[in-house]
There are 2 protein chains.
Amino acid sequence: MARIVMKFGGTSVGDLDRIRNVAARVKREVDAGHQVAVVVSAMAGTTNQLVKWCQDLSPLHDAREYDVVVATGEQVTIGLVAIALQAIGVEARSWQGWQVPIVTDNAHGKARVEGIEGAELIRRMEEGQVPVVAGFQGIETTRNRVTTLGRGGSDLSAVALAAALKADRCDIYTDVDGVYTTDPRIVPRAKKLERISYEEMLELASVGAKVLQTRSVELAMKEGVRVQVLSSFEDKPGSLVVDEDEIMEKPIVSGIAYSRDEAKVTLRRLPDRPGVAARVFGPLSAANVNVDMIVQNIGADGSTDMTFTVGRADLPRAQDILNKAKDELGFEALVSDPEVAKISVVGIGMRTHAGVASTMFKALAEKGINIQVISTSEIKVSVLVASDYTELAVRALHTAYGLDA
Amino acid sequence: MARIVMKFGGTSVGDLDRIRNVAARVKREVDAGHQVAVVVSAMAGTTNQLVKWCQDLSPLHDAREYDVVVATGEQVTIGLVAIALQAIGVEARSWQGWQVPIVTDNAHGKARVEGIEGAELIRRMEEGQVPVVAGFQGIETTRNRVTTLGRGGSDLSAVALAAALKADRCDIYTDVDGVYTTDPRIVPRAKKLERISYEEMLELASVGAKVLQTRSVELAMKEGVRVQVLSSFEDKPGSLVVDEDEIMEKPIVSGIAYSRDEAKVTLRRLPDRPGVAARVFGPLSAANVNVDMIVQNIGADGSTDMTFTVGRADLPRAQDILNKAKDELGFEALVSDPEVAKISVVGIGMRTHAGVASTMFKALAEKGINIQVISTSEIKVSVLVASDYTELAVRALHTAYGLDA
């Protein structure tokens, strides 16, 4: 007997047949003797429609009212899933965020979960009832208003609920059947990973393998929630995201990720003085422009070239801010390039193995791919290349690290 | 300065343009110095879709989950209306049933309002904020679950809120511009009534003039809430539903109503014994079959014919119940006729005036319309005629009582 949180995303509850399918899957776990809580998203397309209505009425709408409107999507699904479960003989009850309660801060539209009261749900699960909980939403208790957690927030709801319920596992049902060594659309021979560590999942998620929302992985790691990613349309085991202690054989490289969402900015002949970096990145950060890779070489004759990446959508804003500060910063020219891709190799095993980076550089060189920027972390090596080379680079690295099935 | 509750139905908030129109109307009242609370229904069509989903998943769905699903319709509208109001500079905030709270009993799907906590809303209205309250929904507080008041329940929400807020008026905006002496589709010369008493409105509503939900009129009468019915699409005064003391000149007949929703049942040669009526109507009532007009004449040779009407949709059930009890009841034959219409003349003035009924019978006789059943109350005379004669009868009576414009 295990206690399981099962989370179903928007495509998994996209119509009544799919909702019946969800109910059947839940029943199977209940029949196997497990205690089950369900977390669901809005039916696919619903949230977009609701967001658009708010936007159309007022681009600068009140986030508190936006939350009232968009939270209805999940509310519809919990009621329908509860009805579908009851129809096949599974005792079920729906729970909105304010009913559990799932308490959040008051950052409407992107609230953070502060706490979940799990006792009553545990009591009901022990009596055989299946709580069907609305994902993505909560309540801020100072003003008693509905909040939402931001797009993709249902994953976060599921992990937070699993932690509060002391669940043995949090199963995230989605339209892919697990986490792969890389994007199977680029490398058909990509393999599904049976197990992957939180740290690896985080690195993969943050560089474009959008199977799980990043914040939900962070929370799972912090709370020690074992997460399984699996398909709601097929019947096969998925990928388990766990603490690295649970992974016996630690691969040097677990996967190859890529992201085309970045743009490169170079400040040419920036004065090489203490404090110059702070003066460059302070205003960007103040304007909520996220800066990712930063490279600065030792300069010559008192100046240096500094290169970094920003989100591609933020590039015009970054250019604007930096050009306005040109005289103050004292650089000679700003050169930007949105046609770049970040390619990363990720693996907890590389901590204890040398040679990961050199394998990477060699593999890319053999294909004639020029590396523009390099950045490394404990379990990741990332390079920036011209975006035309994305697929070629991913395939070359997938082979070079022996990941091909 | 007055305190007004403005209620907008589903067609009045059917799309974003109409929601902007609602906001503009609210702003006009606010700009005139009034304190305003708004009650809204779901966008037209939404509730039907949500109900259908519940039905399709399970015809015998849990009413508690049905309420969770259908209550979302109004929740969407309150958020959108609040955004639309803020966009034109009106301070506004949405309120769901559980937030106000609007406390109901636990009869899910058709709950009754037990109380509304109005103090916080009044405080905010006095500070210039417009509360936008979800109609149709409430909360039952023993289990903290969302309830709905049944179809048309937003009128009831508005009247109950007006009572709780001690509002001077409850304006019901709808797709007709008031209450007419009869259906203008049948009698183009029908007149809009400036004022009508609660009692008359009730009789008109219950016999087919579905401008206001019956329970909302009952509540308005009980709580002394002045209700105005007016169009959300045109700019002209509507009809005021008030206590009859507020009506100076009491017309003998205020309006002519009709209903095609009834069916006639006759039990031939029913034994004329004490208690027989109870044995006929007891089982019907137990099966929730509403019986309306009942006529029983003095019998001869120990038996009588009894005629009554039931809702047309209930006719098969009524026939079934009575035929099963045929031996016990001892009647000779059951004759039914679904092709009947009930025509009523309504007016508080008829209490003090004789001759209302005879005018009616004479007018119908002149057109060769046969009266099948007659029933009278203090302020109403109703007859049953063959349904083919409905329009002819309504027109004849409208003229006979001098109601033609």
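Predicted model: local features only at pLDDT ≥ 70, side-chain atom pairs only at ≥ 80, totals over all residues.
With a relative accessibility of 13%, Arg3(A) counts as buried, since the cut-off for that label is under 20%. Arg3(A) belongs to strand 1 of chain A, which covers residues 3-8. Its side chain makes a polar contact of 2.8 Å with the side chain of Gln35(A), and it also reaches the backbone oxygen of Leu165(A) at 2.7 Å. Leaving aside residues up to four places away in sequence, the residues that Arg3(A) touches include Ile122(A), Met125(A) and Glu126(A), as well as Lys166(A), Ala167(A), Asp168(A) and Arg169(A).

In chain A, eight strands make up an open sheet in the order 3-6-2-1-9-11-12-10, and their pairing is mixed. Strand 3 (92-95) and strand 10 (195-197) of chain A are the edge strands, each pairing on one side only. From one strand to the next, the twist averages 20°. Strands of a sheet pair through backbone hydrogen bonds, and the pairing can be parallel or antiparallel. A parallel example is found between strand 9 (residues 169-174) and strand 11 (residues 227-231) of chain A, which are joined by five bridges. Within this pair, Thr174(A) has Ser231(A) of strand 11 as its bridge partner.

Antiparallel pairing can be followed in chain B. Strand 14 (residues 262-271) and strand 16 of chain B run antiparallel and are joined by eight bridges; here Thr266(B) has Thr307(B) in strand 16 as its bridge partner. Strand 15 (residues 291-296) of chain B also runs antiparallel to strand 16 of chain B, with four bridges between the two. Strands 15 and 16 of chain B form a hairpin with six residues between them, and Asp301(B) in the turn has a positive phi of about 35°. How enclosed is strand 16 (residues 303-311) of chain B by the rest of the structure? Seven of its nine residues are buried, so this strand is largely enclosed.

Over all chains, the count comes to 63 salt bridges. One of them joins Glu246(A) to Arg195(A), with the closest N and O atoms 3.4 Å apart.

Asp177(B) and Lys192(B) form a salt bridge in which the closest N and O atoms are 3.8 Å apart. Both Asp177(B) and Lys192(B) lie in the loop between strand 9 (169-174) and strand 10 (195-197) of chain B, 15 residues apart. Asp177(B) counts as buried, with 8% relative accessibility, whereas Lys192(B) is partly exposed, with a relative accessible area of 29%. Another salt bridge brings together the side chains of Asp404(B) and Arg189(B), at 3.3 Å from N to O. This pair links distant parts of the chain, 215 residues apart: Asp404(B) is in the segment after helix 13 (390-400) of chain B, and Arg189(B) is in the loop between strand 9 and strand 10 of chain B. Arg189(B) counts as partly exposed, at 48% relative accessibility. Salt bridges can also share partners, as in the one network that joins Glu120(A), Arg123(A), Arg124(A) and Glu127(A).

It remains to see how the chains are arranged. Two copies of a chain are related by a rotation about an axis and a shift along it. Chain B is superposed on chain A by a rotation of 180° with 0.0 Å of shift along the axis, giving an RMSD of 0.1 Å. The two copies are therefore related as by a two-fold rotation axis. In chain B, the C-alpha nearest this axis belongs to Thr72(B), at 2.7 Å from it. Through which surface do the copies meet? Of the interface residues of chain B, 100% are also interface residues in chain A, so the copies meet through the same surface.

Terms used
Residues numbered from 1 in each chain as written. Chains lettered and ligands numbered in written order. Heavy atoms only, no water. Pairing = 2+ DSSP bridges. Axes fitted to C-alpha atoms, helices over the stretch in contact; angles between N-to-C directions. Least-squares fit on C-alpha atoms with pLDDT ≥ 70 in both. Contact = heavy atoms within 4.5 Å. Salt bridge = Lys/Arg side-chain N within 4 Å of Asp/Glu carboxyl O. Buried < 20%, exposed > 50% of the residue type's maximum accessible area, 1.4 Å probe, protein only. Polar contact = N/O pair within 3.5 Å; in protein donor to acceptor, adjacent residues only side chain to side chain.
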